Amino acid sequence: MEPRIRDRDQEIAVLEAAVRSAASGEGRFLLLHGPAGIGKSRLLGEGRERGRARGLRVLSGRASRWEQENGFGLAGQIVGRVVPTGERHDASFPALDRLHQAVVERCERSPLLLALDDLQWADEASLRFLAYLLPRMRSLPLLVIAGARPPTDASSGSSGAFVDQLAADDGVTLLRPRPLSAASSLGLADEITGTPLPGGLADSVHRLSGGNPLLVRELARTLLQRRIDPSVADADALAAIAVDILGGHLRSLLGAMHEDAAELARAMATLGEGAAPHEAASLAHQSVEVATRQLSALRAAGILRDDGSLGFAHPLAVAALRDVTGTARLTALHGTAAEILHRCHAENDRVASHLVRSFPLGAQWAAGALENAARDAVHEGKPAAALAFASRRLQEPFATPDDRVRALVLAGEIAQLVDHRTAVTYLRAALDETGCAGCEAALSSLLGRSLFALGRPAEALTPHTRTDPDPGPVRRNGSGYGTTPETSDSTLINFSRPAPRSPRPTGGCRHASARPRTAGDQAKNTFLVHAWHTGISQDATASACAAAVSEALDTGMLLDASTTPEAVADACWVLAAADDRRAETLLDERMDREWRQGSDTGMAVLQTVRSLTLLRRGVLAEAEECLRAAMERIDASHAEVLRPLAAAFLAECLREQGRGEEARSALDRVHTAGPRHRAGQEDWLMVSRAELLLAEGEGRRGSELLRACGARASTRGWTNPAFLSWRAPLAQALHTLGRIPEARALAFEEVALASHWGGPRSLGRAQRVAGTLVAGDEGFGLLQDAVATLGGSSARLEYAKALTALGCCLGERSSLPEASTAMSRALDIALTCHATTLADRIRHELGRIAARAGSAPPTGLAALTPSERRVAELAGRGSINREIAAALFIAPKTVEVHLTNIYRKLAVRNRGEMARKLRPERG
C-alpha cells in the first residue's frame with residue numbers, strides 16, 4: 001500500500017480546481033516541474049484519480065529519452081496513430097491539426113484528461129503538438145497534466161528548452177513540489193518502517209534525502225537495516241551516501257535472486273536507460289528467452305519499473321549498480337558493450353559513449369567509431385562530448401603516422417570550441433609530429449589562433465614564421481572546424497603588432513564591388529577581418545566600409561558556416577562603428593548558430609561585440625547581462641584574449657550606471673584571471689581604466705594612461721575614434737589640468753577624424769567634447785551641432801549627454817527655459833538607459849537652473865519627465881508593468897525605474913496613492 005501524500009495540500013487543491021474546470025468545459029494545462037523523486041508521478045496519479053471521480057476520461061503517456069527520434073511518439077500514446085506513417089517526422093500544420101481534431105473529437109464525447117510523464121524526454125514533434133494545442137484548449141473540456149524534470153544534460157535536447165518555455169507561459173499553471181519538511185520526512189519514514197525512528201536517526205534521514213520523498217522511502221528502509229550511525233550522515237555527501245545505501249539494497253535483492261538476474265541488471269546498468277532487450281541479453285551472455293524471464297523477476301523485485309519498460313524503478317539505481325560492480329569489471333563491461341553495439345550497427349555516439357569508459361581495445365573499428373562520433377557530436381552542438389570522443393580516439397591504433405596527425409588536429413580543432421588550453425596541447429603535438437612540410441602553415445595557423453586566444457600573442461606569432469602555400473593533407477582531412485593561415489595571420493596582425501599598410505585588401509573597403517566573389521573560405525574570412533582593419537585605420541569612410549559588409553551580407557557570407565565567428569564579429573563591429581543597426585540582428589542570428597553548435601569560444605566572441613552594440617545605444621542593463629554571459633564563456637574556454645575587451649566594456653557599462661567600485665573590480669580582474677595582455681585589445685582596457693580615473697578626479701594619472709594608449713594605437717595605424725576614442729577623454733583631462741591649447745587641439749583633431757569617418761555617434765561625441773572646451777558662440781555652435789547629429793541616431797545615451805551639455809551652455813547664456821527643456825529631455829533618456837551617473841548630474845543642474853530662475857525646483861506632477869508622465873498615466877489606469885512596457889516599447893525593468901522615481905517625486909507609496917494624485921489633473 002502506498003504511503004499517504006504529505007506536504008502537497010496546495011498542489012492537490014490546484015489539481016482539484018483544474019479537474020472541476022475541465023469538467024465544466026474550461027481547458028487547463030498544469031505542469032508538475034521538479035527533480036527526480038520529488039513526487040511528480042505521485043501527483044500525476046492523484047490527478048488521474050480525481051479526474052476519473054469527476055467523470056473525465058483519462059489518457060496517459062510517458063516519454064522516453066530513447067524515443068526522442070520517433071515522430072509523435074508521445075502524442076501517439078494518448079490519441080493513437082492518427083498521423084500517417086510518412087508524416088510522423090514532419091510536424092507540419094496538417095499533421096498538428098489532425099492531432100488537434102482527434103483531441104477535439106474525444107472531448108466532444110466526454111471531458112478529457114491527458115496525463116503525460118517525463119515530458120523532458122518527449123520527441124520534438126509531440127512537443128510541437130502540445131505547443132499547438134495550448135492556445136486552442138481554453139474552450140475545450142480538457143485538462144492536460146504534464147510532469148517534467150528540469151533539463152540537466154544534453155539528452156534533454158530541444159525537450160528541455162520546451163519545458164523551460166512551457167514553465168514561463170502565461171497559459172500554464174506551474175506546480176513545483178517542494179522537498180518535504182523535516183516533520184513530513186519523519187512521518188513518511190515512520191509510516192514505512194512501522195515504528196518511530198529515534199530523533200537523531202530521523203534527522204539524518206531528512207538531511208540525507210534532502211526532503212526528496214523517493215529517497216526518504218529508500219533511506220528509511222535501508223538505514224535501519226544497515227544500522228548506520230547517524231553521525232556519518234552529512235548533507236554535502238547526500239548523493240554518495242544515497243548511492244551507497246541503494247547499492248547495498250540492490251546487492252541484497254540481487255543476492256536473493258538467480259545469478260542471471262544479477263548479471264542482466266549489471267548489463268542494463270552498463271548500457272544505460274533505453275537499451276534493447278537483445279543488447280542487454282548479449283552483454284549478460286544470455287539468450288533472449290532467459291533474459292525475458294529475468295526481466296520479469298527484476299520487475300517483481302521492484303528493481304525495474306513495472307510499466308513494461310527496461311527502466312530502473314529508482315533514479316539512482318544505475319549509479320548504484322555501477323558502484324557495486326567495481327571499476328575494473330565495469331570498464332571491461334563497457335568495452336564489451338561497445339563491441340556488441342558496433343556489431344548491432346548502433347549509432348556512433350552510443351558506441352563511443354562506452355569506448356570512452358573502456359580500456360583501449362586496439363581495434364580499428366573503435367578508432368573509426370570514436371572519430372565519427374566526435375564529428376557527429378560537433379554538428380549536433382555537443383563539443384564537450386566531441387572532445388571526449390576525439391581524445392579517446394588517440395588511444396586507439398593508427399594505420400600511418402599521418403593518421404595520428406589528423407586525429408590530433410581533429411581533437412585540437414574541436415577543443416578550440418570549448419578550451420583553448422587543451423587545443424594548444426593537441427595542436428602543438430600535431431605540429432611537432434607532422435612529416436609534411438606543406439602541413440606546417442595550416443597547423444601553425446591553428447596553433448597560433450589558440451595561443452592568441454589564451455592571451456599569448458608573442459607565441460602566437462612565432463609559428464607563423466613557418467609557412468607554405470600548400471596546406472597539405474591536414475586541410476584535406478575533412479575536419480573543417482579551424483581557421484586558415486590567411487585568416488589567423490590577419491587576426492593576429494590586427495591585434496598583436498603594427499598593421500601593414502601594404503598590400504591592402506583587394507580594393508579595400510573603398511569599392512564594395514572589389515570584394516572577392518568566388519574565392520574560397522580563406523579569402524572570405526580575410527576580407528572581413530581586413531574590413532575591420534580598414535575601418536579602424538580610416539582607410540575608407542563609414543558608408544564605404546558598411547557598403548562592403550552589406551554586400552557580404554547580401555551574398556550570405558556573414559552567416560555562412562565557413563565564416564569564422566571572429567570574422568563575423570569584425571564585420572559587425574564595422575557596422576556598429578558606422579551606427580548601422582543591422583549589426584545586432586546579424587550577431588543574434590550567428591549567436592543562435594554558435595549556441596546550437598555548443599561553441600563557448602564562438603559565443604564569447606560574438607557576445608562581446610553584441611554588448612558593444614548595446615553599449616553604443618545606451619541599453620546598459622542588457623549590455624551588462626550580455627557581458628557577464630560573455631565573461632562566463634571566456635572563463636570556460638580560457639579565451640583570455642577577449643577578457644580585456646569584455647572587461648573594458650563592462651567597466652564602462654557599470655561606470656555609466658554609477659557603480660564605480662564594481663567597474664574597478666571588473667578591470668582589476670583582467671590581471672588576476674590571466675596573463676597581462678600586450679595585444680591590441682588592451683588599448684580599450686587602458687581607455688576604460690583612464691575614464692574611471694577621470695571620473696574619480698585623477699586627471700593626471702588618467703591623462704598619462706590615455707597618452708600611452710594613443711602612442712600604442714598610433715604604432716598600429718589606428719586613428720578612427722568610432723572604434724577607439726582616446727583623444728576626447730584626454731582633451732577633457734588636459735583641460736581640467738589647465739593645458740587649454742593642447743586640449744583644444746586634441747578635441748578638434750577628433751572632430752576632424754570623426755567627420756571624415758561619418759558615423760553619427762563618434763561625430764556627435766567629438767562635437768560635444770569640443771563644444772564643452774571652447775567658450776563663446778563657437779562652443780555653443782558645436783553643442784548645437786552635436787545635438788543635431790545625434791538626434792536621429794540610435795546612440796540615445798550619447799544624445800542625452802549632448803542635450804545635457806547644451807542645457808548647461810544655455811543656462812550659462814541665461815536661456816533658462818530652453819536649458820530646462822533640454823535638461824528634462826536628457827533626464828528622461830538617462831533614466832530610460834539606467835545611466836545613474838548622468839541622471840544625478842542632470843538633477844543637480846536642474847536644481848541650479850531653478851535656483852537661478854528664482855523658483856524652487858518643480859515638485860509633484862510638474863517634476864515628472866514626459867516618460868514618467870506616460871508611465872504614471874498607464875499605471876494609474878490599472879495597467880501592470882508588463883502591459884506598460886509593451887505599450888511604450890520599453891523594458892519592464894525601465895518601467896520599475898520610472899515608478900520608483902514617480903513615487904519619490906509624488907511622495908506616494910503605492911499605485912493607489914499615485915492614482916489619487918493624478919485624478920485632479922484628469923478632472
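Just after helix H29, His-638 takes a positive phi of about 60 degrees, where helices (H or I, at least four residues) and strands (E, at least two) are DSSP runs, numbered from the N terminus. This is a predicted model, in which local features need pLDDT of at least 70 and side-chain atom pairs count only at pLDDT 80 or more, while totals for chains, interfaces and linings use all residues. Residues are numbered from 1 along each chain as its sequence is written, and side-chain values use heavy atoms, with hydrogens and water left out.

Helix H29 covers residues 620–637, and because its 18 residues at 1.5 Å a residue should span 26 Å, the 25 Å between its end C-alpha atoms agrees; the expected span is 1.5 Å times one less than the number of residues. Among the buried residues of H29 are Leu-620, Glu-624, Leu-627, Met-631 and Ile-634, buried meaning under 20% relative accessible area (1.4 Å probe, protein chains only).

An open sheet has five strands in the order S2-S3-S4-S1-S5, with parallel pairing, two strands being paired if DSSP finds at least two bridges between them. Its edge strands, S2 (57–62) and S5 (173–175), each pair on one side only. Strand S3 (residues 112–117) pairs with strand S4 (residues 142–148) over five bridges, and Leu-116 stands opposite Ala-146 in S4.

Definitions and conventions
Buried means under 20% relative accessible area, exposed over 50%, partly exposed in between (1.4 Å probe, protein chains only).
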